[in-house]
Amino acid sequence: MTIEFDELEHADGSDERRGKRRIVGGVAAAMLIVAAGGVGYGIGRGVDRDAATIGTGSADAARDEPSNEPDTTGAPSTTLASTSDDMAAEAADGDVYVDAPMRSSGGQGYAAFGTQPMDTIFERITASGFEVRVQLGQVWEGEDQDNWGAGDWRPAPWCYESGQLRVSMSGNGLVDVGGVPWYAEPFKGRSVSWLLLGGNDGAPQWVVVAQTPADATNVRVVFADGSIDEAVPQGGVAVLTARGEPSTAVTEDGYTYFMEPTPRFEVTFEGGVEPVTIDSAGVGTWDDPEFRESCTPPPPALPDAGEQPTDPESAEAEIRTAMTTLYGIVGTGDVGSDLIDDPTGVADAREQVQAGGYADDAASATATIDELVFTAPAEAWFRYSINTDGNDFGNRYGIAVLVDGAWKITRATVCQDLSLAGGDCGGNWQPISPPGAYPDGQYIDDGYPVPATTVLLD
């Protein structure tokens, strides 16, 4: 007997190829190979249709030498080659197999960097016998970056990576691949990134990837343990290696993960006017004032000034004192109710902060008013920053109002900051943002630009 299936209809509903299709006898042929104890017997040779059809013929017939006569039954050939040709032809005709019975687990695999062509820009064999290769794939620039920023402001090209470098390492029983950022224009012409490869093979290796200025003639790294490596840049990139450290297993709540160590090293760029040395602790941070300024957008403007109070200087001084006092008493048990226009829920929020995981940070908080404008004789808007031992928060906005002759900070101003540390004042307040803070759907989140298509609320 033969096993037959109805041909699937095309996606467009047409059925010009409907009919009967027979399953080829490859399964029976494979069974014959196993039964005969031979490896590869009969592969690539024609098999008599009547003898090889599943479930038909006697055992003797199944063992008969395959016929050399041409198949005149009209059934497709059962050789692997012809079966492959049939599948290719059907694929070319547009057949899509969408409802085949599942017969195994599995499916198409994937590559971390895809399968697109990549330009090799650096290759070397280290003194330890490892082959290192760096490739540059797709980069993100032009229109992809035009949506980043605020208004007409755009971040400098070194603020965010412009692509990825694929880094591969092999040799000495190790094979591994990873990626690091690539910058179209690194800050001052230099970038330093690192990764740990080879851990899965039991041979962890530090790999330091440096983008170099055009005048760099050599790059040298010295690790904390005294390991040294150096390389001549190729294509504006140099790759340096040293024996790494294994990851540490950490188990929490029955779940185990592996924590990678952090290397300490110094990279020296030789060439140019004089060598430049960069410590790993100063890589990729916002500590450099020049870097921060070039990557931080201007804050949204405060509202326009309105009618001024009788004594603007005295009023501003009183508001600044109120802010300093309010943030100085966090963690003391005092609420500062006399400095808030409506203290509803503030005491509860302060207690939640003091009992939470950010209690120490909140207790160390200081507030500084960076800019203030009076929008009316009894109202002032200001932009301020909060500094704590753990985190800093910039470009925040608050309001002060004149109540019974005394300037007080609004409840919303205080509650929005307590919420940063887990304090909940309850309802009836909204985070404060100045008019026009979201031009064209753009918003500045603590000094970091986000795409124009994204709107974030504080």
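1. E123, E131 and R133 are linked in a network of salt bridges, a salt bridge being a side-chain nitrogen of Lys or Arg within 4 Å of a carboxyl oxygen of Asp or Glu. The model is predicted, so local features need pLDDT of at least 70 and side-chain atom pairs pLDDT 80 or more, while totals for chains, interfaces and linings use all residues. Numbering starts from 1 along each chain as its sequence is written, and side-chain values use heavy atoms, without hydrogens or water.

2. By this rule there are eight salt bridges. One of them joins E123 and R133, at 3.1 Å from N to O. E123 lies in strand 3 (residues 119-125) and R133 in strand 4 (residues 131-139), ten residues apart. Strands (E, at least two residues) and helices (H or I, at least four) are DSSP runs, numbered from the N terminus.

3. D229 and R124 also form a salt bridge, with their closest N and O atoms 2.9 Å apart. This pair links strand 10 (residues 228-231) to strand 3 across 105 residues. Both D229 and R124 are buried (under 20% relative accessible area; exposed is over 50%, partly exposed in between; 1.4 Å probe, protein chains only).

4. Helix 7 (residues 312-328) has 17 residues. Its buried residues are A315, I319, A322, M323, L326 and Y327. They lie on the same side of helix 7 because they cover an arc of only 115° around the axis, taken from the directions from the axis to the C-beta atoms. E313 and G328, on the other side, are exposed.

Methods
The expected span of a helix is 1.5 Å times one less than its number of residues.
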